[in-house]
Amino acid sequence: MRVARVACAGAIHAAEPQQLADGRAGVRLTDGRSLAEDEVVWLPPLEVGTVIALGLNYAQRAKELAFSAPQEPVVFLKGPGTLLGHRGVTRRPAGVNFMHYECELAVIMGRSARQVRREAAMAHVAGYCIANDYAIRDYLENWYRPNLRVKNRDGATVLGPWLVDAADVPDAANLELRTYVNGKLTQQGNTRDMISDVPALIEYLSSFMTLSPGDVILTGTPEGAVNVEVGDEVICEIDGLGRLQNTIVGDALFGR
Amino acid sequence: MPLHPCIAVTMDVPPYRLSGTVYGALLNHRTALQALGDAAHRPPYNGPPQAPVLYIKPRNTLASDGEPVCVPPGIAELEIGASLGVVIGRPSCRLSAGQALEHVTGYLIVNDVSVPHLPYYRPSIPFKARDGFCPLSARVVPCSAIADPNALTIRVYIDGELKQTATTSQLVRPVAQLLAEVTEFMTLSPGDVLAVGVASPAPRVRAGQRARIEIDGLGRLETPVVAGAA
């Protein structure tokens with residue numbers, strides 16, 4: 001099953017995918033209403049707890065950034081203000097040189113996990129969604145790198161469109177990831193190339209912190225993250241999880 | 001995300017409860033930057049921070065006054081990171097330093113516990129985000145009761161003995177300026193807490209000891225230290 005959270009006509013609803021009578025992709029709300037994709041406001045598909053993100057978790061990506069693969073997972077955290085739903089807009093500040101998307105498999109925790117071994121880890125996963133975890137490299141400094149100014153900007157961590165049940169993703173370790181900018185394929189990878197796979201990440205993280213239902217692990221991005229400009233449409237796609245759309249906008253929309 | 005119901009923090013001013021999100025500012029106390037000395041100018045850092053360097057104390061770290069913190073197996077000591085915590089009252093985006101304090105609803109004591117670590121090049125989640133590593137004092141003191149957040153003395157006692165005296169007058173970025181620079185790139189929400197900076201050297205504790213942090217006007221925060229299960 002796949003479920004979205006959408007706002008529609010004054011309330012927040014759970015929504016499932018449904019093809020409309022005219023052939024367009026749409027959603028069906030729990031109360032029976034059917035609507036087109038653009039007739040609802042898409043929110044992150046769950047009420048998110050702690051957001052844990054991985055850096056350099058694909059070997060080719062680490063190489064692209066001129067780092068050797070890390071000995072221990074490079075982990076950083078994100079706050080709630082950075083989250084954004086499907087079909088939203090993300091601001092590119094004027095004057096920056098390098099803002100890029102990162103298509104990532106997001107793992108949604110279902111059961112509380114503390115000191116869980118990798119063999120048992122997958123039983124703690126509720127499901128998956130797509131993440132597009134933007135970064136602005138201009139702001140990188142070498143303190144707790146990558147810091148919040150780079151990775152925790154308002155509306156710069158896109159989640160969705162659906163929370164897809166773990167039961168419907170038979171092998172999370174073999175999913176193709178693709179990013180398209182204005183329709184052109186710019187990033188491609190496969191979750192099989194993660195340095196630390198999902199069970200390893202759950203084992204590692206739960207060795208020092210309790211993971212709770214609703215916590216989200218962003219598992220890193222493969223190579224091919226390129227600069228985006230105002231007006232670009234960015235679509236991140238993962239096999240079986242759908243297509244996550246975002247548009248880059250400029251400062252003017254925010255009164256800057 | 002709501003604060004875990006077992007975290008007991010009384011708050012009699014809007015928004016009447018914490019959001020559960022706690023941020024901290026690295027190296028925002030002059031003594032902390034001074035302790036690094038020339039190293040801050042050398043690789044891997046190549047210079048002191050240009051913008052506020054923040055970290056997050058996630059919900060699993062939050063703990064109440066009096067709740068014990070565990071020393072993980074194989075670790076000898078923990079650092080007691082005594083900091084003033086600023087509690088946000090109103091949505092805060094792009095504040096000017098002049099208006100920033102109007103968005104503060106109150107203050108509390110934050111014990112930003114860490115496993116001692118260097119360098120600060122990569123985010124130090126395994127050292128700072130362990131369960132119970134962020135005790136908060138029992139009550140948010142309204143901002144009306146604190147005349148100047150940049151003139152508060154912080155004292156840390158270990159087993160009753162005074163181990164550290166610091167003051168918020170030594171912040172690299174004073175409270176209003178820090179809020180202005182942070183909200184330039186991210187919005188803070190009502191009930192969010194920002195720990196404004198830990199002085200160096202932070203006192204260390206072993207299992208069996210007891211830490212107490214006092215900040216002028218904010219009361220005290222007690223944290224017993226126990227050995228963690230293997």
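What covers the buried residues of helix 4 of chain A? I note first that this is a predicted model, in which local features need pLDDT of at least 70 and side-chain atom pairs count only at pLDDT 80 or more, while totals for chains, interfaces and linings use all residues. Residues are numbered from 1 along each chain as its sequence is written, with chains lettered from A and ligands numbered from 1 in the order in which they are written.

Entry 1, the helix. The cover of these buried residues includes strand 6 (51–55), strand 11 (103–109), helix 2 (118–121) and strand 17 (216–218) of chain A; helices (H or I, at least four residues) and strands (E, at least two) are DSSP runs numbered from the N terminus.

I find chain A divided into domain 1 (1–43) and domain 2 (46–254), bounds that come from an automatic or database domain assignment. Their C-alpha centres lie 24 Å apart, and the contact (C-beta atoms, placed from the backbone, within 7 Å) takes 7 residues from domain 1 and 11 residues from domain 2 of chain A. On the domain 1 side, strand 1 (2–8) and strand 5 (41–43) of chain A each supply at least two residues, and strand 1 gives the largest share, 4 residues.

I record that the contact takes 31 residues from chain B and 27 residues from chain A. On the chain B side, strand 2 (22–26), strand 3 (53–57) and helix 3 (125–128) give two or more residues, and strand 3 of chain B gives the most, with 4 residues.

Note on methods. Two residues are in contact if their C-beta atoms, placed from the backbone, lie within 7 Å.
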